[in-house]
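I am opening a notebook on this structure. I will look things up one at a time and write down what I find.

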Amino acid sequence: EFDGIECHNGSSIPLLRLDFNNGRLARRLVLYNQRMDPAENLGRAKELLDMGRPKAALRLLGGAPALIRPERDFLRAEALRAQGYFAKASEVYRKLLARPPAADRALWLDCCLALASVHRSLGAVKPARRLWARGRSLMRARGLSSYSERFELEDALIDRAAGRYPRSIGK
């Protein structure tokens, strides 16, 4: 009788196991190789976040070398925010925003938008608007037009949260 399949990623530790009972899928276990390269863990964590699995992503975001620690911290904050832990996520975003934007402008803008979204979600429209304005200013000053649509969307969402419905619809 066929009872399971394991998927590996170049190591002896399985990443996925499917167990069958009488030919029907009985359970699916997603396992992770904690000994993977930290950069690979970041990539897998991003995939898990995109798949709507923030809890699983958090398990991969352990130790990381200094070079990729800000990206790891950002993904940790995203996973916390996706689970509704806004206060914990806010702490991480604030820590990352305390770094000079020049260190990693894209990451800084992502954090700015994410923290503005947290404030907006909690009804703190003024802090959300201030963060949005800081981020948009940097975006324009550095010519990072790839962020324009995200800033436009957050602008409309902040207006909507503030009760300015006609203004938010017109954007």
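**Ground rules**

I note that this is a predicted model, in which local features need pLDDT of at least 70 and side-chain atom pairs count only at pLDDT 80 or more, while totals for chains, interfaces and linings use all residues. Residues are numbered from 1 along each chain as its sequence is written, and side-chain values use heavy atoms, with hydrogens and water left out.

**Whole chain**

I looked up the helices and strands, which are DSSP runs numbered from the N terminus (helices H or I, at least four residues; strands E, at least two). The protein chain has eight helices and three strands. Along the sequence I read β-β-β-α-α-α-α-α-α-α-α.

Next I checked burial. Buried means under 20% relative accessible area, exposed over 50%, and partly exposed in between, with a 1.4 Å probe and protein chains only. Of the 171 residues in the protein chain, 37% count as buried.

Then I turned to contacts, meaning heavy atoms within 4.5 Å. Among contacts in the protein chain with a separation of 6 or more, 38% join residues 24 or more positions apart.

**Helix H3**

The 14 residues of H3 should span 20 Å, and the end C-alpha atoms are 20 Å apart, which agrees. I find Pro70, Arg72, Asp73, Phe74, Leu75, Ala77, Glu78, Ala79 and Leu80 buried in H3. Their cover includes helix H1 (38-50), helix H2 (54-60), H4 and H5. Just after H3, glycine 84 has a positive phi of about 90 degrees.

I stopped at arginine 72, which lies in helix H3. Is arginine 72 buried or exposed? Arginine 72 is buried, with a relative accessible area of 10%. Not counting residues up to four places away in sequence, arginine 72 touches Leu42, Leu61, Gly62, Gly63 and Ala64.

**Helix H4**

H4 has twelve residues, which should span 16 Å, and its end C-alpha atoms are 16 Å apart. In H4 I list Ala89, Ser90, Val92, Tyr93, Leu96 and Leu97 as buried. Seen down the axis of H4, the buried residues fall within an arc of 165 degrees, so they line one face of the helix. That arc is taken from the directions from the helix axis to the C-beta atoms. On the other side of H4, Ala87, Glu91 and Lys95 are exposed. H3, H5 and H6 are among what covers the buried residues of H4.

Leucine 96 sits in helix H4. Leucine 96 is buried, at a relative accessible area of 5%. Beyond its neighbours within four places in sequence, leucine 96 is in contact with Pro70, Asp73, Phe74, Trp108 and Cys111. I also have 9.2 Å between the C-alpha atoms of leucine 96 and cysteine 112, 16 residues apart along the chain.

**Helix H6**

H6 (residues 125-142) has 18 residues and reaches 26 Å from its first C-alpha to its last, close to the 26 Å expected. Its buried residues are Val125, Ala128, Leu131, Trp132, Gly135, Leu138 and Met139. Glycine 143 follows H6, with a positive phi near 65 degrees.

Tryptophan 132 has its place in helix H6. Tryptophan 132 is buried, with a relative accessible area of 7%. Leaving aside neighbours within four places in sequence, I find tryptophan 132 in contact with Ala116, Phe151, Glu154, Asp155 and Ile158.

**Largest pocket**

A pocket is an open set of points on a 1 Å grid over the protein atoms alone where a 1.4 Å probe fits, with protein on both sides within 12 Å along at least five of seven lines; lining residues have an atom within 4 Å of a point. The largest pocket has a volume of about 170 Å³. That volume is the space filled by probe spheres set on the points, which are joined across faces, edges and corners.

Which helix gives the most to the lining of the largest pocket? H5 does, with five residues. Helix H3 (69-82), helix H5 (105-121) and helix H7 (148-161) each supply at least two lining residues. Among the lining residues I note Phe74, Glu78, Asp110 and Arg150.

How values were computed
Expected span 1.5 Å × (residues − 1).
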